[in-house]
Amino acid sequence: MSYRTALSEVLADVVGPVAEATRVQDRFPRGTVTALGQAGLLGLIVSAELGGGGMELREAADVVTRTARICPSTAAVLLSHYAAVAVLEAHGCPWVRGEIAAGRHLASLALAESESGADGDGSGVADPLLAPRSVATRSGGVVALRGRKRGVVAAGEADTYVWSSRPFAAPAGLTLWAVPAHAPDLFVPARPAVEGPRGTATSTVCADPVLVPAEAMLGTDGGGLDVVLRTVLPWLLELRAAAQPVHPSAAEALHPPTVEPANTRDRTDSLAAS
């Protein structure tokens, strides 16, 4: 069965019937996510060798577009998931990738931050994605992550977060981590107001601190800046465009920076120079 056929069935049988309730009741579409996983759509871009669909950004964008026509909230969840899986597929461990391929694992991005722990408006480019304030401290084979991420889609619902911090040894850049949702002292504080599209469980996630093995690093210490610019940003821009014609706010839940792809190299050079 092709991914398009599988998606059509899930949209008709599962997503459509609960789309209105998802929005009105502000309820995370857990049943929809489960159905998408069982249909192979959560693992769409995981390599075929691990049981995934082996697809690329174009197919992921197609899924987001078609889903947004039925349920923008579910499309926003998929948008964050696919952008996070693109990083995990390149730098994550085979076990996590295999779980995603099997449809048992939902991923999300935890990159954007707010100054002094207070939610900002996401208007600055460096603040949301490129200059994390979260810190990482290594002691032997264990790393302590401390920080506060805002605008995290599927907060408290995802299984793994792609988390950014300042490097613990490198002089510049940022470092990415695969943080399991069940890690002790990783929590979603009570929020007085809804963030992002209703039904996406978009909220703040705090690490106070969270202990992860050093092997949870995605790429190299300080090398996460290049991953964000070359992988995360292009995926967010493309998936945001895929969702935008139907429901712009579905993609804006992540507060991606407003930057043209042609400026990516200029930004890399300026950050490296600083």
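These legends go with a set of close-up views of a predicted model.

**View 1. The whole chain, before zooming in.** The protein has 274 residues, and 54% of them count as buried. Its secondary structure comes to 9 helices and 8 strands. Taking the contacts with a separation of 6 or more, 70% are between residues 24 or more positions apart.

**View 2. Helices α3 and α4 pack against each other.** Two packed helices are described by the angle between their axes and the distance between the axes. Here, α3 covers residues 57-70 and α4 covers residues 72-91. Their axes come within 7 Å and cross at roughly 160°. Anything over 145 degrees counts as roughly antiparallel, so that is the label for α3 and α4. From α3, the contact takes in Ala 60, Val 63, Val 64, Thr 67, Ala 68 and Ile 70. On the α4 side it's Pro 72, Thr 74, Ala 75, Leu 78, Leu 79 and Tyr 82.

**View 3. Helix α2 and its buried residues.** Look for Thr 32, Val 33, Ala 35, Leu 36 and Gly 37, which are buried in α2. What do the buried residues of α2 pack against? Their partners are α1 and α4. Follow the chain just past α2 and you reach Gly 40, with a positive phi of about 85°.

**View 4. Asp 26, a non-glycine residue with positive phi.** Asp 26 sits in the loop that runs between α1 (3-24) and α2 (30-38). Its phi is near 50°, a positive value, and the residue isn't glycine.

View 5. The loop to look at here is the one between β6 (186-187) and β7, where Ala 201 lies. Phi of Ala 201 is near 55°, again positive in a residue other than glycine. With 26% relative accessibility, Ala 201 counts as partly exposed.

**View 6. A cis peptide bond at Pro 209.** Asp 208 and Pro 209 are joined by a cis peptide bond, with omega at about -20°. For orientation, Pro 209 belongs to strand β7, which spans residues 203-213.

**View 7. Glu 99 in helix α5.** Glu 99 is part of helix α5. Its relative accessibility is 15%, and since buried means under 20%, Glu 99 counts as buried. Which residues does Glu 99 touch, leaving aside those up to four places away in sequence? Arg 104 and His 105 are the ones to pick out.

**View 8. The second largest pocket.** Rolling a probe the size of a water molecule over the atoms shows where empty space is left. The second largest pocket has a volume of about 270 Å³. It has 19 lining residues, and the closest to its centre are Cys 93, Val 96, Thr 160, Ala 178 and Pro 180. Elements giving two or more residues to this lining are α4, α5 (94-101), β5 (175-180) and β8 (217-218). Strand β5 supplies the largest share, 3 residues. By class, the lining splits into 12 nonpolar, 5 polar and 2 charged residues.

Terms used: Residues are numbered from 1 along each chain as its sequence is written. This is a predicted model: local features need pLDDT of at least 70, side-chain atom pairs count only at pLDDT 80 or more; totals for chains, interfaces and linings use all residues. Side-chain values use heavy atoms; hydrogens and water are left out. Axes are lines fitted to C-alpha atoms, for helices over the stretch in contact, and angles run from 0 to 180 degrees between N-to-C directions. Helices (H or I, at least four residues) and strands (E, at least two) are DSSP runs, numbered from the N terminus. Angles under 35 degrees count as roughly parallel, over 145 as roughly antiparallel, 65 to 115 as roughly perpendicular and the rest as oblique. Contact means heavy atoms within 4.5 Å. On a 1 Å grid over the protein atoms alone, a cavity is a set of points where a 1.4 Å probe fits but cannot get out, and a pocket is an open set with protein on both sides within 12 Å along at least five of seven lines; lining residues have an atom within 4 Å of a point. Grid points are joined across faces, edges and corners, and a volume is the space filled by probe spheres set on the points. Ala, Val, Leu, Ile, Met, Phe, Trp, Tyr, Cys and Pro count as nonpolar, Asp, Glu, Lys and Arg as charged, and the others, Gly among them, as polar. Buried means under 20% relative accessible area, exposed over 50%, partly exposed in between (1.4 Å probe, protein chains only).
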